[in-house]
Amino acid sequence: MRLLLEVIIAAALIALAWQKSFKEWTREVPMIGSHITAPSPPPKTKPALTAPSPQSFTGHIYYTDDTGKRYWLDAQGKRHYDP
């Protein structure tokens, strides 16, 4: 089995070198680390939009439904409307 693998590898090397020499192959392959570029600057981000909050902060994020009423969601996703 090992002999078969060695024959296949040798045949592959011969097939690669048949049209081009190995010197030509190595000239086309870029060397690792030969062209180091400077790191690109971080992408510009837009400022985050903040949700409207009441005058005294209660820890809830308020939403507005289709009718214009304000509500907040509890942990189970239930809507709680403002009075």
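Mentor: Let's start with the surface. The accessible surface of the chain is about 8300 Å², and 64% of that belongs to carbon and sulfur atoms. Accessible areas come from the Shrake-Rupley method with a 1.4 Å probe, and for residues only the protein chains shown count as cover. Keep in mind that this is a predicted model: local features need pLDDT of at least 70 and side-chain atom pairs count only at pLDDT 80 or more, while totals for chains, interfaces and linings use all residues. Residues are numbered from 1 along each chain as its sequence is written, and side-chain values use heavy atoms, leaving out hydrogens and water.

Trainee: Which elements does the chain have, and in what order do they run from the N terminus?

Mentor: There are 2 helices and 3 strands, and from the N terminus the order is α-α-β-β-β. Helices (H or I, at least four residues) and strands (E, at least two) are DSSP runs, numbered from the N terminus.

Trainee: What makes the nonpolar surface patch, and which helices supply its residues?

Mentor: The patch covers about 560 Å² and is made by Leu5, Ile9, Leu13, Leu16, Phe22 and Trp25. Patch residues must have over 30% relative accessible area and no salt bridge; nonpolar side chains (Val, Leu, Ile, Met, Phe, Trp, Tyr) are joined within 5 Å, and like charges within 9 Å. Helix H1 (2-19) and helix H2 (22-28) each supply at least two residues, and H1 gives the largest share, 4 residues.

Trainee: How do you know which side chains meet in a salt bridge?

Mentor: The rule asks for a side-chain nitrogen of Lys or Arg within 4 Å of a carboxyl oxygen of Asp or Glu. The side chains of glutamate 6 and arginine 2 meet at 3.2 Å, N to O, so they form a salt bridge. By this rule the count is 1. The two residues are separated by about one helical turn, because they are 4 residues apart in helix H1.

Trainee: Are those two partners buried or exposed, or partly exposed?

Mentor: Arginine 2 has a relative accessible area of 65%, so it is exposed. Glutamate 6 has 41%, so it is partly exposed.

Trainee: How many aromatic pairs are there, and why is the pair of tyrosine 63 and tyrosine 71 stacked, tilted or edge-to-face?

Mentor: The count is 2 aromatic pairs. Tyrosine 63 and tyrosine 71 have ring centres 5.8 Å apart and planes at 35°, so their pair is tilted. The rule pairs rings of Phe, Tyr and Trp (its six-membered ring) if their centres lie within 6.5 Å; planes under 30 degrees apart are stacked, over 60 edge-to-face, and the rest tilted.

Trainee: What about tyrosine 71 and tyrosine 81?

Mentor: Their ring centres are 5.5 Å apart with planes at 55°, so that pair is tilted too. Tyrosine 71 lies in strand S2 (residues 70-73) and tyrosine 81 in strand S3 (residues 79-81), so the pair ties together parts that are 10 residues apart in sequence. Ring pairs link Tyr63, Tyr71 and Tyr81 into a cluster.

Trainee: How accessible are tyrosine 71 and tyrosine 81?

Mentor: Tyrosine 71 is at 8%, so it counts as buried. Tyrosine 81 is at 39%, so it counts as partly exposed.

Trainee: What makes you say that a charge sits over the ring of tyrosine 71?

Mentor: The rule wants NZ of Lys or CZ of Arg within 6 Å of the ring centre and within 35 degrees of the ring normal. The charged end of arginine 79 is 4.3 Å from the centre of that ring. Likewise, arginine 70 lies over the face of tyrosine 62, at 4.4 Å from the ring centre.

Trainee: Which residues is arginine 79 in contact with, beyond its neighbours within four places in sequence?

Mentor: Arginine 79, in strand S3, is in contact with Asp65, Tyr71, Trp72 and Leu73. Contact means heavy atoms within 4.5 Å.

How values were computed
Buried means under 20% relative accessible area, exposed over 50%, partly exposed in between (1.4 Å probe, protein chains only).
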